[in-house]
Amino acid sequence: MSPVLKTVHLVKIYSDGAVPVPAVRGVDLQVEPGEFVAIMGPSGSGKSSLVHMLGGLDTRTSGEIWLDGRRVDTLSESAWALLRRKKIGFVFQFFNLVANMTVADNVELPALLAGASPKEARERRESLLGALNLTERADAAPGQLSGGEQQRVALARALANQPSVLLADEPTGNLDSRNTRDVLRLLSDVHKQGQTIIMVTHDARVASLADRLVSLFDGEIVDDGRIARRRTGTAGEVIDLR
Amino acid sequence: MRLHLLALLAKEPAHGYELKQALEQTFGSAYPSPNIGQIYVTLGRLEKDGLVRAVDVEQSNRPNKKVYYLTTKGREVLMTWVDEPTEGPRVRDEFFMKLVLAPLTGIADRMALINRQRRHYLSLMGDLNDLLSRTEPGDNVAVLLIEGAMLHLQADLDWLERCQEDLT
Ligand SMILES: Nc1ncnc2c1ncn2[C@@H]1O[C@H](COP(=O)(O)OP(=O)(O)OP(=O)(O)O)[C@@H](O)[C@H]1O
Ligand SMILES: [Mg+2]
């Protein structure tokens, strides 16, 4: 099986300020189709910088990025834009929805851009908004939504074009526990259907859905391994009431 | 468990097995199913301390069963428990001790310990997620118990990150 996504000694150094900031320092990562990878690490450890490069939203300083067997770090901005429509879904840490479009249109647009028929795009939108408990907000403008609602719309939008890779940066930051539950269910459903997911998160509930955890520290991978599934079935071992 | 049993007996007198069932019904799937032997041992001690009183009830063609009542002294102890503020969780974390002490001996490095512990916590969180999805959403007590455990685990993970920032 060839990886969906691969990086070779990927480096990001921000040099727009007085001193250059090395944010990502030689990351080698390989993600197989259908894998769910959680990325964790302290603030400033380079998580956003890394996923932004993977999604072509920021340029790399050096190293390589491969997507579906094709080298992409050398692509022009317009070539990236095309590729993103078809292959990548992105949920930003600070969600950016199109302000003057309704929620429904925000979610349908990526599917249409990726070449889905209007009917397919509408059906996909209806099912995603339904799963995230947002059907009633379909005609609202993003500005009329709460932070948590906007975040769920951003997730629905990122999944609308059934991307090869879903890249998400803290997609549950603004959610209360009930909304987190909807998001968790949707993520675990699309993961079961084979969706590849790479997700930055501080939320242990979200991270625990992943197959694999990558820990970043000072721009480097310091841990990369499976998250064990124990399935003990008995509550007593998990919840110690003391 | 002493006070939990006193609280149940304050509602109505009961025998040991009924108390086990009451605990299971109240806390649902989230409660580690109480051991019946442990319940009888605890009841015995409560009786010795004068907090409950046992009365033998005759049963046709079965051995007598003991029904337990709360005594006045038992009720006072229960009231004190309910009235006073409850201790918060104390940080007496086994992992933290290991993290601080183990590197001194040269047998482990902190980064490796933290990384392994993080994955272990996530695996526990996965179990809690499973448990929550198997719990009836209407079963408030069980759901809240699981959510409480999840929040504690999240705090442990955040703390682990702080340890990583300052100790490695
Ligand atoms: N546009 C930029 N210009 C200069 N430095 C930047 C820029 N973006 C990020 N950095 C720096 O790069 C480092 C990594 O930042 P990054 O946003 O990737 O961290 P992060 O792991 O996503 O943190 P958080 O958990 O707070 O979101 C930090 O030191 C940050 O200050
Ligand atoms: Mg970030």
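Analyst: Chain B of this predicted model has 7 helices and 2 strands. The C-alpha trace of chain B spans about 65 × 35 × 35 Å along its principal axes.

Next, burial and surface. Of the 168 residues in chain B, 37% are buried. The accessible surface of chain B is about 10200 Å². Carbon and sulfur atoms hold 54% of that surface. Now take the contacts in chain B with a separation of 6 or more: 55% of them join residues 24 or more positions apart. As for charge, chain B carries 20 positive and 24 negative side chains. The centres of those two sets lie 6 Å apart.

Now zoom in on one residue of chain B. Where is B:Ser123? B:Ser123 sits in helix H6 of chain B, which covers residues 110–134. Is B:Ser123 buried or exposed? Its relative accessibility is 3%, and buried means under 20%, so B:Ser123 counts as buried. Leave aside its neighbours within four places in sequence. B:Ser123 is then in contact with A:Ile227, A:Ala228 and A:Arg230. These contacts take us across to chain A.

A second residue also links the two chains, this time seen from chain A. A:Met40 is in strand E3 of chain A, residues 36–40. A:Met40 has a relative accessible area of 6%, so it is buried. What does A:Met40 touch, beyond residues up to four places away in sequence? In chain B, A:Met40 touches B:Arg118 and B:Leu122. In chain A, its contacts include A:Lys47, A:Thr201, A:His202 and A:Ala207. By way of distance, A:Met40 and A:His9 are 31 residues apart along the chain. Their C-alpha atoms are separated by 19 Å.

Step back to chain A as a whole. Chain A has 8 helices and 10 strands. A compact globule of 242 residues would have a radius of gyration near 18 Å, and chain A has 18 Å, so the two agree. The C-alpha trace of chain A spans about 60 × 45 × 40 Å along its principal axes. Buried residues make up 52% of chain A. Consider contacts in chain A between residues at least 6 apart in sequence: 68% of these join residues at least 24 apart. Chain A exposes about 10900 Å², and carbon and sulfur atoms supply 48% of this. Chain A has 29 positive and 30 negative side chains, with the centres of the two sets 3 Å apart.

One helix of chain A deserves a stop. Helix H5 of chain A runs over residues 147–159. At 1.5 Å a residue, its 13 residues should span 18 Å; the end C-alpha atoms are 19 Å apart, which agrees. Why call H5(A) largely enclosed by the rest of the structure? The reason is that 12 of its 13 residues are buried. Among them are A:Gly148, A:Val153, A:Ala154 and A:Leu159. Charged types are on the list as well, including A:Glu149, A:Arg152 and A:Arg157. What covers these buried residues? The cover includes strands E6 (88–91) and E7 (165–169) of chain A. Helices H3 (103–113), H4 (118–131) and H6 (177–192) of chain A also take part.

Most residues other than glycine have a negative phi. A:Asp68 has a positive phi of about 50°. A:Asp68 lies in the loop between strand E4 (62–67) and strand E5 (70–71) of chain A. With a relative accessible area of 34%, A:Asp68 is partly exposed. A:Asp218 has a positive phi too, near 50°. A:Asp218 lies in the loop between strand E9 (212–217) and strand E10 (220–226) of chain A. With a relative accessible area of 48%, A:Asp218 is partly exposed.

Key
Residues are numbered from 1 along each chain as its sequence is written. Chains are lettered from A and ligands numbered from 1 in the order in which they are written. This is a predicted model: local features need pLDDT of at least 70, side-chain atom pairs count only at pLDDT 80 or more; totals for chains, interfaces and linings use all residues. Side-chain values use heavy atoms; hydrogens and water are left out. Helices (H or I, at least four residues) and strands (E, at least two) are DSSP runs, numbered from the N terminus. The radius of gyration is taken over C-alpha atoms; the globule rule is 2.2 Å times the number of residues to the power 0.38. Buried means under 20% relative accessible area, exposed over 50%, partly exposed in between (1.4 Å probe, protein chains only). Contact means heavy atoms within 4.5 Å. Accessible areas come from the Shrake-Rupley method with a 1.4 Å probe; for residues, only the protein chains shown count as cover. The place of a charge is taken as NZ of Lys, CZ of Arg, CG of Asp or CD of Glu. The expected span of a helix is 1.5 Å times one less than its number of residues.
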